Amino acid sequence: MTGSQSNTVHVIGAGLAGSEAAWQVAKSGIPVVLHEMRPTRMTEAHRTEGLAELVCSNSFRSDDAANNAVGLLHAEMRRLGSLIMRAADANQVPAGGALAVDRDGFSAAVTKALNEHPLIEIARGEVAGLPPADWGNVIVATGPLTSAPLADAIRELTDENALAFFDAIAPIVHRESIDMSVAWFQSRYDKVGPGGNGADYINCPMTKEQYDGFVAALIDGEKTEFKEWETNTPYFDGCLPIEVMAERGPETLRHGPMKPVGLTNPHDPTTKPYAIVQLRQDNRLGTLYNIVGFQTKLKYGEQQRIFRAIPGLEKAEFARLGGLHRNTFLNSPKLLDGQLRLRAQPRLRFAGQMTGCEGYVESASVGLIAGLYAAADAHGETLASPPATTALGSLLGHITGGHIETIEPGTRSFQPMNVNFGLFPPLARAPTKKPDGTRLRGNEKTVAKKQALSARALADLDRWIADHLHIAAAA
């Protein structure tokens, strides 16, 4: 055993993030105790005692590293020796361009690898409350179904009402897909807010006929049902789904998030819009905008159909769709430092969905970097964060500070996010020509831009690996 017990890392939770974190720590020669409460105590969603059990879909989504941000994240994790990606690749099932897995085979492969590693001890049993004070290097990766005693202890420690509430998420749109020949920038009454300039919102106007049709579509649209364990959890900040507001009366939305007051359409200044949909900047880069007040239980296909009926959003590309579900996550930009440590108690580091990422791969990737950070600490070193230009770095940027600090009084702007190209710093120069020198046209520009972002990411990651991790980058 290379490490000593005094520098043991404790990982709480053996889902995808915790399993990946434990693997990365042990790979670096540091002993790990991986704590998993199942089967001593089960959750409402799990059915086995296997590590890295997939409780929802069996898909890791697109595996296209050149054209898709999650596929790029797959490639980056493979370069970093990810156990989760190794097990996924070994248990792949046919799914077109996606990476889908045999869920039982995948969990068995992860469990076997962790069980057989000489530096990993798997401790079955609940960590009820804050970890013991003599655990000096801890990764908490307990996910959205964190047990109540631990969630309560974290809430007390952070003094934040940030755990176990309904997470109301409005759809987020790529700025470049909004038709600005229809929409315009303006704040209500041209009011200048903190960090704003009086033109902080994108506004999409509606006629009475368009508004009436939109309200009817919201009411008739197919909705998702709450899971059994969600039904008794209160709404966060009293956020109501937009379709529930619509059901309360045809004019409710016009006096709520869609009120048309204090705004003038520069494309048609003499016509007063009957209703207005507003979008506000969602990240510091200004590449993503969320639709204000549009948290929803509409199914994803219905959201795309109904929201693309909004003038100016006919060709909207969504970075994420809306939702409303029970979640457990920290207000990470405020509570965590750049190394994912809790500012109030730096011996505790967080990983996975608790940090404000969504998706299997994203959770595992944050577990991976948390494991690398914890291992560096155990070796008495500090690991530089991966470049912001990489998929992993852009996701960490979102978690630790890529949001806008405040949007309106009493609201938190930080919400969980899947990895997407809207989180990446823009290219210094967008590609304009094909390799043969001919000009890019239409959708070719979007494809070329994504490929350029991916190429930049992998080149920068390889450089970071060579400079900081002293391992050979895998092809």
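Reader: In which kind of crossing, left-handed or right-handed, does α1 pass α4?

Author: Happy to walk you through it. This is a predicted model, in which local features need pLDDT of at least 70 and side-chain atom pairs count only at pLDDT 80 or more, while totals for chains, interfaces and linings use all residues. Residues are numbered from 1 along each chain as its sequence is written, and side-chain values use heavy atoms, with hydrogens and water left out.

The crossing of α1 past α4 is left-handed, meaning that the near helix is turned anticlockwise from the far one by less than a right angle (clockwise would be right-handed). Helices here are DSSP runs of H or I with at least four residues, strands are runs of E with at least two, and both are numbered from the N terminus. Helix α1 covers residues 16-27 and helix α4 covers residues 103-116; they pack at an angle of about 30°, and their axes lie 11 Å apart. The axes are lines fitted to C-alpha atoms over the stretch in contact, and angles run from 0 to 180 degrees between N-to-C directions.

Now look at who meets whom, where contact means heavy atoms within 4.5 Å. From α1 come Leu16, Ser19, Ala22 and Trp23, and α4 supplies Phe106, Val110, Ala113 and Leu114. Sorted by class, this contact has seven nonpolar residues, one polar and no charged. Ala, Val, Leu, Ile, Met, Phe, Trp, Tyr, Cys and Pro count as nonpolar, Asp, Glu, Lys and Arg as charged, and the others, Gly among them, as polar.

Ser365 counts as buried because its relative accessibility is 0%; buried means under 20% relative accessible area, exposed over 50%, and partly exposed in between (1.4 Å probe, protein chains only). Leaving aside residues up to four places away in sequence, Ser365 touches Leu73, Met77, Leu392 and Leu395.
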